[in-house]
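Please read them with the coordinates open.

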Amino acid sequence: MKKLSTIITLATLLFTSHLYAGSSAKVEYLDTSSVFPKSANMPFSEAVRVDNTLYISGQLAVTPGTLKLVEGGIDAETTQTMNNIKTILAAHDLTMKNVVKCTVMLADMKDWPRFNEIYTSFFSKPYPARSAFGANGLGLGAKVEVECIAVFS
């Protein structure tokens, strides 16, 4: 798992360095506090806008305004996580149709079929690009975390 994390971090650094090399990209660090409460003082931005691209930090199934996970297992957590993403998108005048890429982390890959069933109900074809992997522990003990990239049209 640590090796996978290192590979992802290196790929992100390479992508980011390529993105900014000789560029005058406009970068905005955004926090509407529409999901995580501002008082939680989280060590990350809710989203970062680079020109016409919005990078949404990994979202968990917290009830907006709290750090409390919803109860009900993978179904409830997937639904809440995706609704939290919709909330952040809406705060920036975007919808799920603007999402071009998602990264999914599951605490248990046995939840893959249930996750997919609920996840696909939030999109229409063609679906965004996506990668997914099993994780050995997610924030707050969550069963699922999803981060997304969206574009402003």
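1. Both Tyr-119 and Phe-123 are buried, where buried means under 20% relative accessible area, exposed over 50% and partly exposed in between, with a 1.4 Å probe and protein chains only. The ring centres of Tyr-119 and Phe-123 are 4.9 Å apart and their planes meet at 50°, so the pair counts as tilted. Rings of Phe, Tyr and Trp (its six-membered ring) pair if their centres lie within 6.5 Å; planes under 30 degrees apart are stacked, over 60 edge-to-face, and the rest tilted. Together with Phe-115, Tyr-119 and Phe-123 make up one aromatic cluster. Over the whole structure, three aromatic pairs are found.

2. On provenance, this is a predicted model, in which local features need pLDDT of at least 70 and side-chain atom pairs count only at pLDDT 80 or more, while totals for chains, interfaces and linings use all residues. Residues are numbered from 1 along each chain as its sequence is written, and side-chain values use heavy atoms, with hydrogens and water left out.

3. The chain contains three helices and six strands, in the sequence pattern α-β-β-β-α-β-α-β-β. Helices (H or I, at least four residues) and strands (E, at least two) are DSSP runs, numbered from the N terminus. Of the 153 residues, 38% count as buried. Among contacts with a separation of 6 or more, 70% are between residues 24 or more positions apart; a contact means heavy atoms within 4.5 Å.

4. The six strands form an open sheet of mixed pairing, in the order β1-β2-β3-β6-β4-β5. β1 (27–30) and β5 (129–134) are the edge strands, each pairing on one side only. From one strand to the next the twist averages 10°. Two strands are taken to pair if DSSP finds at least two bridges between them.

5. β1 and β2 (residues 47–50) run antiparallel and are joined by four bridges, with Leu-30 opposite Ala-47. β2 and β3 are also antiparallel, over four bridges, and Arg-49 faces Leu-54 there. These two strands form a hairpin with two residues between them, and Asp-51 in the turn has a positive phi of about 55°. On to β6 (residues 144–151), β3 (residues 53–59) makes five bridges, again antiparallel; Leu-54 stands opposite Ala-150.

6. α2 (residues 73–91) lies across β3, β4 and β6 and runs at about 25° to β6. α3 packs on the sheet with contacts to β4, β5 and β6, and its direction makes about 150° with that of β5. Axes are lines fitted to C-alpha atoms, for helices over the stretch in contact, and angles run from 0 to 180 degrees between N-to-C directions.

7. Where does Asn-98 sit? Asn-98 is in the loop between α2 and β4. It has a relative accessible area of 12%, so it is buried. Not counting residues up to four places away in sequence, Asn-98 touches Ile-149, Ala-150, Val-151 and Ser-153. Its C-alpha atom is 9.6 Å from that of Thr-53, 45 residues apart along the chain.

8. Asp-111 deserves a look. It lies in the loop between β4 (99–106) and α3 (112–120). Asp-111 is buried yet has no salt bridge, and the nearest side chain of opposite charge, Lys-143, is 5.5 Å away. A salt bridge requires a side-chain nitrogen of Lys or Arg within 4 Å of a carboxyl oxygen of Asp or Glu. For charge, Lys and Arg count as positive and Asp and Glu as negative; His and the chain ends are not counted. Leaving out residues up to four places away in sequence, Asp-111 touches Ile-74 and Leu-106.
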